[in-house]
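I opened my notebook to jot down what I looked up in this one. Here is the structure first, then my entries.

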Amino acid sequence: MMRLEGRVAVVTGGGGGIGSAISRRLAEEGALVVVSDVNADAGRTVAAEIVAAGGSAVAIAADISHKEPCFGLIAETFALKKRIDILVNNAGINRRGNLLSLTDDDWHASFAVNLDSMFHLCRAAIPHMIEAGGGAIVNTASQWGLYPAPNHIAYNTTKAAVAAFTQNLARDYAPHKVRVNAVCPGEIHTPMLEAGVKRSGRTIADLDKLVPFGRIGKPEEVAALVAFLASDEAAFMCGSLVEITGAQAVA
C-alpha cells in the first residue's frame, strides 16, 4: 500500500522500539519520514535503514523536553518540502514509582517529554496543516492512561493527559480538517519493556500469559494502526482513543 505517497511525516522518539517501527511503516507507505530522537545515533540509524530499503527519510535530532527544539524540529521539517502532513507524537519516558517514591525530577521530566512536547510540537505544526487544508496528528497515549496501573503515577497521569489533550485538540481543529487521534497500547515488546521486565524479575513469557490473545503486542502492530490513522482511510476518525491490547486488562 502507498496510502501516504508524497506526504511528509514527523515521528518523535523515532529511534526507539515503537517509534522505529512507525517510521519504517510510514516510509513503506510512501511518506518522507523525519525520524526525530534525542539519541542522534539511533535516529540516524533508523533513517539510514529506511533509505537502504528504498524509502525516504532524514534524521533530525531534538530534545523535545524543551520548547525551542520542538519549534526547531517543525521548522526544519517544513523547510524540506514546504509541508507537514503528519505528526506522530510518540516520544515518551516511564519514570516508575508511587507518589512517595518519585523525585521531583521524575514528575517534571515525565510531563516535559510525555505531554509538554506535544503542546509545543502541535502549536508549531498545526498552522502549516491549516494552511495546507488539513493534516493528521497521531499521539501515543497508553492503556495505562485510561486504566491506571499501580506504582506508575507519573506515567499514568501524563498518558491520561495525552488522551484528554488529543480529544480537546480534535474538537478545536476538526473544522480545519486537522484530524487528531491517539493510540493506546498495552504491553508491547520493546527494549523499554524488556528493561522493566528484567528489573521486576519476570519474563516476557510471564507477560504473554496475562494477555487473552496469548502474547504481548509487537511494535509493528502499533505502527500499522498509526499508519491507518494517518491515512485517508481514517478520514472520519477524529478524537478517537484506540486501544491495542490483545484484550488485556491492566495488571
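This is a predicted model: local features need pLDDT of at least 70, side-chain atom pairs count only at pLDDT 80 or more; totals for chains, interfaces and linings use all residues.

**Entry: Gly54**

I looked for Gly54 and found it in the loop between α2 (40-52) and β3 (56-61). Is Gly54 buried or exposed? It counts as exposed, because its relative accessibility is 67% and the cut-off for exposed is over 50%. I then checked Gly54 against Glu28: they sit 26 residues apart in sequence, and their C-alpha atoms are 8.4 Å apart in space.

**Entry: α1 and α2**

I put their crossing down as right-handed. Which residues make the contact? From α1 I listed Ser20, Ser23, Arg24 and Ala27, and from α2 Val46, Glu49 and Ile50. Sorted by class, the residues of this contact come to three nonpolar, two polar and two charged.

**Entry: α3 and α4**

Next I took helix α3 (residues 67-81) and helix α4 (residues 104-132). They pack at an angle of about 30°, with 8 Å between their axes. So α3 and α4 are roughly parallel to each other too. α3 passes α4 in a right-handed crossing. On the α3 side I wrote down Lys67, Cys70, Phe71, Leu73, Ile74 and Phe78 as the residues in the contact. On the α4 side I have Ser117, His120, Leu121, Arg123, Ala124, Ala125 and His128. How many of the contact residues are nonpolar? I get eight nonpolar, plus three polar and two charged.

**Entry: Arg3**

What does its side chain reach? I found a polar contact of 2.7 Å with the side chain of Glu29, and one of 2.6 Å with the side chain of Glu233. Leaving aside neighbours within four places in sequence, I listed the contacts of Arg3 as Arg25, Glu29, Ala224, Ala227, Phe228, Ser231 and Glu233.

**Entry: Ala235**

Ala235 turned up in the loop between α9 (219-230) and β7 (241-244). I marked Ala235 as exposed, with a relative accessible area of 52%. I also checked Ala235 against Gly55: they are 180 residues apart in sequence, and 24 Å separates their C-alpha atoms.

**Entry: two positive phi angles**

Which residues had I flagged for phi? Lys177 has a positive phi of about 65°, although it is not a glycine. I placed Lys177 in the loop between α6 (153-173) and β6 (178-185), and it is exposed at 55% relative accessible area. Ala247 is not a glycine either, yet has a positive phi of about 70°. Ala247 lies in the segment after β7, and I noted it as exposed, with a relative accessible area of 59%.

Notes: Residues are numbered from 1 along each chain as its sequence is written. Side-chain values use heavy atoms; hydrogens and water are left out. A polar contact is a pair of N or O atoms within 3.5 Å; within protein, one must be able to donate a hydrogen and the other to accept it, and residues adjacent in sequence count only if both atoms are side-chain atoms. Contact means heavy atoms within 4.5 Å. Axes are lines fitted to C-alpha atoms, for helices over the stretch in contact, and angles run from 0 to 180 degrees between N-to-C directions. Helices (H or I, at least four residues) and strands (E, at least two) are DSSP runs, numbered from the N terminus. Angles under 35 degrees count as roughly parallel, over 145 as roughly antiparallel, 65 to 115 as roughly perpendicular and the rest as oblique. A crossing is left-handed if the near helix is turned anticlockwise from the far one by less than a right angle, and right-handed if clockwise. Ala, Val, Leu, Ile, Met, Phe, Trp, Tyr, Cys and Pro count as nonpolar, Asp, Glu, Lys and Arg as charged, and the others, Gly among them, as polar. Buried means under 20% relative accessible area, exposed over 50%, partly exposed in between (1.4 Å probe, protein chains only).
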